[in-house]
Every structure is written in structure tokens, then in C-alpha cells.
Amino acid sequence: MITGKNYIGIHLSSEGKTTYKTFNPKLNIENEYVFYEATSLEIDEAVHLATNAYASFKNCTGQQKALFLNTIAAEILALDEALIQVYCSETGLPEGRARGERGRTIGQLRSFAELVSEGSWVEATIDTADRERQPIPKPDVRKMNIPLGPVAVFGASNFPLAYSTAGGDTAAALAAGCPVIVKSHPMHAGTGELVSSAIIKAAIKTNMPNGVFSNLNSSGIEVGIQLVKHPGIKAVGFTGSITAGRALFDLAASREEPIPVFAEMGSINPVIILPEALKKRTKNLAKTYAGSVTLGTGQFCTNPGLILGIKGQELSDFIKSLAEEISEIEPSCMLHPNIVGAYENNKAMVLSQPDLKLVTEYSSEVNSNYARQAITTVEGKSFLENTTLHQEVFGPFSMVVQCEDKNQLETIISNLEGQLTGTIIAENNELDRYSEVVTALQNRVGRIIYNGVPTGVEVCPAMVHGGPYPASTDSRFTAVGIHSIKRWVRPFSYQDWPDKLLPDELKNANPLSIARLLNGNQTKDKVK
Ligand code: NAP
């Protein structure tokens with residue numbers, strides 16, 4: 001049942017007078033539930049509880065945290081159809097997508113459970129003493145990763161489950177031993193509350209400390225700002241637009257104690273189609289890319305917003321086919337009237353730029369909150385000179401850049417802002433002649449794809465979902481996969497510390513039987 005209240009630890013609270021509702025974009029009406037905006041007092045209380053919870057949560061064993069994460073997964077599944085219905089009513093997304101995203105969320109939680117239960121993720125490193133060393137004896141030094149402290153998590157509108165309340169950031173932070181306070185996304189506050197109730201049930205069932213998780217409602221940016229400024233918050237996870245991510249990053253940097261903000265933001269995901277591939281696969285590529293541009297109504301951070309090729313008849317044929325294919329796709333619903341509004345505004349802004357040509361835009365009537373997909377094209381020189389054309393148009397939109405030659409293609413790629421992904425479509429052996437382009441692309445992206453589409457992010461340990469700014473605020477980390485846990489920890493050393501007082505991970509006997517770097521060798525051996 002949705003109450004509209006805030007979860008301050010295990011307590012439901014509604015101190016505030018300000019309320020808001022979510023919106024059903026398909027029906028074009030407000031949903032019935034009323035949500036209570038979190039007050040300053042409630043924010044303080046949530047941080048206070050999280051700080052207290054941290055004292056014991058950081059010392060939970062891997063098994064205890066794994067049980068907590070697996071129980072969250074089970075409780076989310078137990079929400080059953082109620083969760084799917086609320087998700088759909090707050091997003092306009094189809095049921096299949098809701099179920100798929102739930103599966104991904106559950107999978108993420110379970111994979112972190114497995115990681116912490118095995119235990120080697122702490123990167124235990126032991127350098128034993130050499131007391132006889134001259135001229136200075138060598139001390140015994142032992143290092144492992146420890147949790148940072150309470151983390152504030154901001155989810156994105158377009159992933160109400162997998163990148164929100166119990167999404168990747170929350171799962172990774174809890175696995176690391178950090179309490180989490182979620183700033184609920186106002187567009188899916190009901191979905192957020194249901195998932196929060198599952199997390200709280202799991203916390204109670206597995207004896208986690210009160211305050212290990214809180215969920216704060218908010219329809220504006222004030223709650224998020226107060227949270228990030230709060231001295232008790234030690235790190236921030238954010239998924240959303242560049243504007244918001246950058247604002248939070250600057251805010252965190254201007255605190256008396258600056259804290260890290262791991263923001264995953266928008267991207268236009270360049271796709272380079274090399275000439276031979278273009279010649280041989282025009283129609284096929286056009287169909288594939290019409291599907292990728294419109295997938296999820298274009299509301300993916302990995303949406304292919306930029307397609308680059310070398311000018312010529314083949315590229316013209318591709319643009320024509322892409323336009324034909326995309327015109328045949330039925331328009332679909334966007335997440336919220338504000339998202340449709342932003343899409344239309346951004347599209348209009350890009351279309352008003354000199355030298356940009358509109359190739360096609362869906363022209364028939366569409367339902368309220370449905371998006372009109374569009375394809376545009378521009379010459380390489382104009383694209384290079386006008387950075388407005390480099391901005392993300394969040395929705396079913398893409399721009400084909402017609403480059404003069406290989407050199408201009410390379411220059412454009414080198415001058416692109418940082419991106420989550422880059423894709424190269426090529427025939428066998430064609431890539432050999434474009435090594436400079438590949439190198440340029442590698443410098444600008446977090447993941448490079450060969451003969452595929454950027455949409456669809458596999459959740460696996462080898463995945464990098466991140467990239468140079470502004471794709472993310474710290475390109476050294478991924479937001480997807482088990483290695484994303486590294487964002488929420490810091491390395492910590494013990495020097496000459498008595499064995500019995502060391503954490504189990506670093507004890508001589510290796511009681512957890514984890515893999516450790518012992519005097520330079522990866523091993524599960526005991527320290528003799
Ligand atoms: P958004 O407008 O940036 O909102 C995200 C969150 O940030 C919301 O909770 C929002 O709160 C808050 N916020 C917005 N402006 C803020 C500010 N100035 N200060 C503090 N908080 C602020 O993004 P969205 O529309 O939800 O999501 C779409 C964007 O996310 C797209 O650009 C997409 O590419 C990106 N995205 C990226 C990834 C990735 O992994 N890189 C994944 C999914 C989506 P309010 O709504 O209350 O203002």
C-alpha cells in the first residue's frame with residue numbers, strides 16, 4: 001500500500017505540509033496517491049540514523065550483508081503485480097519493460113550478495129615485516145577497502161527500478177557497508193515507496209540497524225541539495241542529466257568537507273559507420289538503427305544520438321532508408337509531460353541551428369505525451385563548429401553527421417565531449433585502415449562496441465558504464481557491475497597491528513579464505 005510518507009529508517013513520517021502527486025502519461029491524468037515532501041527535520045533525522053547505523057553496519061560480515069541484499073531481492077519480488085502496476089502507471093512504459101527491469105534489479109542485488117559473501121572484493125593486501133632490514137626495519141602493513149559512510153542516492157526518471165531506489169548505486173553502497181538515503185525521483189515516487197518498503201522489511205528481517213536505509217520524497221531540488229550539503233553524508237550517487245549532476249558535483253566540492261559525487265549523466269553515444277559496411281548493409285543498418293533510436297521512446301542514456309559516416313551516395317542512401325524505417329515505427333509514450341516538453345524544446349533548439357537539416361519527423365497526430373521521432377543531418381564542418389549540436393536530445397532523436405573524409409571524422413571524434421559508449425560498424429579488415437579513428441574514439445568513451453548497437457547494458461563484471469566527463473564525473477569507475485562497489489570504499493592500512501585486533505580479512509590465518517595479495521603474490525594462503 002502506498003502511503004506517500006517518507007521512510008526515516010523504519011518509521012513512516014509525514015511532517016511536511018507540501019504534497020505532490022505522480023502522473024500517468026498514458027492516461028494523461030494525475031495518479032491518486034499524495035506524497036509528502038520531506039522536511040529539513042526529516043532529512044536531519046534520516047542522516048542522524050544513517051550515521052548511527054554506519055557504526056555497526058560497516059562491521060557486518062559479508063554473509064550478513066548478503067542475506068540482507070538477497071532478502072531485499074525477495075521482498076521486491078513479493079511486491080508482485082502491485083509493483084508492476086504502479087511502475088506502469090507512473091512511467092507509461094509497458095509491462096514487459098517493468099518486468100525486465102525488475103529482473104535486472106533483482107539480478108544486481110544478488111550479484112552483490114554473491115560478491116560480499118565470497119569476500120575477496122576488499123582487495124586485502126599484506127606486506128609482512130622485515131625487522132632485520134637495514135638501515136630501517138620494514139614494518140608489517142596490511143590494507144583493505146572499508147566503507148565511506150552514509151551515501152545519498154539520486155535515481156533517474158528512465159529507470160525507476162534498476163537505477164533508482166534499490167538500483168545499482170544502492171545495491172553497491174549497501175554491499176560495501178554504507179547506509180543509503182535515497183532522494184526519491186518525483187516522477188515515480190509510488191514505485192520508490194513500494195521498493196523502499198521492501199528494503200525496510202528486509203532490513204528488519206535480517207536485523208540490520210535502523211537507519212541503514214531511508215527514502216525521502218521530494219518534488220523539487222531542495223531536499224537533494226540539503227542532503228548533499230549535510231555533513232553526515234560522505235558520498236553521492238547520481239544518475240540523470242548533465243545539468244543536475246554537475247550542480248550536485250559543484251555543491252559537494254564546495255562543502256567544508258568536499259565529498260565524492262559519482263554522477264552518471266547524459267550521452268549522445270557516437271556510432272561510426274565505415275564506408276564498406278555502409279555500402280553492403282545500408283538497409284539492414286537503417287532498420288537496426290531506427291529500432292535502436294526509438295527503443296524505450298529514445299529514453300536511454302545509451303541512445304544513439306549521433307551517427308557519423310563519410311559523405312557520398314552510400315551515406316545519402318542510408319539517411320533516406322533510416323528516415324523511411326523510423327517513420328514506420330509507431331510513436332510511443334514518454335515518461336512524463338515534462339520529459340515530452342524537454343524533448344520538444346531541445347529538438348526545436350537543435351533544429352533552429354544553421355545548416356542542420358530535418359530529414360524526417362513523425363508528422364501524423366500523436367496522443368498526449370507521445371513523442372514524435374526525428375532524424376536530422378548536418379555537414380561535418382558545421383557540427384565541429386557548433387557545440388549546441390553535440391548536446392543530448394533525450395528522446396527518439398538522432399543526427400547523422402556527413403564527414404568530408406577520414407581526417408575530418410577523426411577530428412570530430414577527438415573534439416567530442418566524453419561519452420558512455422562509442423560504436424563502430426565495419427566490414428572485416430576495414431577497421432585496420434581506421435586505427436586513428438578507433439584511438440580517437442577510445443579517448444572519448446567508456447565502452448566501445450563493434451558491429452552492434454549501444455542500447456542495452458549487460459550487467460556483468462567486465463561492463464564499464466561510465467566514461468570521460470560529462471558522461472560521468474569520474475571516469476575511473478563504472479556504475480554497472482560488481483566493480484561499481486569501489487565507488488563507496490576507501491583503502492585503509494593497518495601498520496604493525498596485533499593480529500587478534502585485525503579484521504578477519506587481514507588476519508594471519510585468513511579465516512574467511514579470501515584471495516589476498518601476500519608479499520606480492522595472489523594467494524589464499526595463511527601468513528606464516
Ligand atoms: P534529472 O532531471 O537530472 O533528474 C535526476 C534527479 O536529480 C532528480 O531526482 C532531480 O530531482 C534531481 N535534480 C535535478 N536537478 C537538480 C539540481 N539542480 N540540484 C539537485 N538535484 C537536482 O534527470 P532525469 O530526467 O530524471 O533523467 C534523464 C537523464 O538521465 C538523461 O539525460 C539520461 O541520459 C540520463 N541517464 C543517465 C544514465 C547513466 O547511467 N549515465 C542512466 C539513465 C539516465 P527533481 O526531479 O526533484 O528536480
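This is a predicted model: local features need pLDDT of at least 70, side-chain atom pairs count only at pLDDT 80 or more; totals for chains, interfaces and linings use all residues.
Side chains of opposite charge can pair when their charged atoms come close. Across the structure, the salt bridges number 23, and I'd like to walk you through a few of them.

Take Lys 205 and Glu 75, whose side chains form a salt bridge with an N to O distance of 2.6 Å. This pair ties together distant parts of the chain, 130 residues apart: Lys 205 sits in helix H5, residues 189-205, while Glu 75 belongs to helix H2, residues 62-91. Which of the two is buried, and which is exposed? Lys 205 has a relative accessible area of 57%, so it is exposed. Glu 75 has 10%, so it counts as buried.

Next up, Glu 427 and Arg 281 meet in a salt bridge as well, at 2.9 Å, N to O. Glu 427 is buried at 16% relative accessible area, whereas Arg 281, at 23%, is partly exposed.

My last pair is Asp 504 with Lys 507, where the closest N and O atoms of the salt bridge are 2.9 Å apart. Asp 504 is partly exposed, with 33% relative accessibility, and Lys 507 is buried, with 18%.

You'll find Thr 170 in helix H4, residues 168-176. Its relative accessibility is 1%, and since buried means under 20%, Thr 170 counts as buried. What does Thr 170 touch, once neighbours within four places in sequence are left aside? Its contacts are Val 153, Ser 164, Thr 165, Val 180, Val 182 and Phe 213.

Let me zoom out to finish. The protein has 13 helices and 23 strands. Its radius of gyration is 25 Å, close to the 24 Å from the globule rule for 528 residues, so the protein is as compact as a globular protein of that length. Buried residues account for 58% of the 528. Of the contacts between residues at least 6 apart in sequence, 75% join residues at least 24 apart.

And back to charges: there are 48 positive and 56 negative side chains, with the centres of the two sets 5 Å apart.

Definitions and conventions:
Residues are numbered from 1 along each chain as its sequence is written. Side-chain values use heavy atoms; hydrogens and water are left out. Helices (H or I, at least four residues) and strands (E, at least two) are DSSP runs, numbered from the N terminus. The radius of gyration is taken over C-alpha atoms; the globule rule is 2.2 Å times the number of residues to the power 0.38. Buried means under 20% relative accessible area, exposed over 50%, partly exposed in between (1.4 Å probe, protein chains only). Contact means heavy atoms within 4.5 Å. Lys and Arg count as positive and Asp and Glu as negative; His and the chain ends are not counted. The place of a charge is taken as NZ of Lys, CZ of Arg, CG of Asp or CD of Glu. A salt bridge is a side-chain nitrogen of Lys or Arg within 4 Å of a carboxyl oxygen of Asp or Glu.
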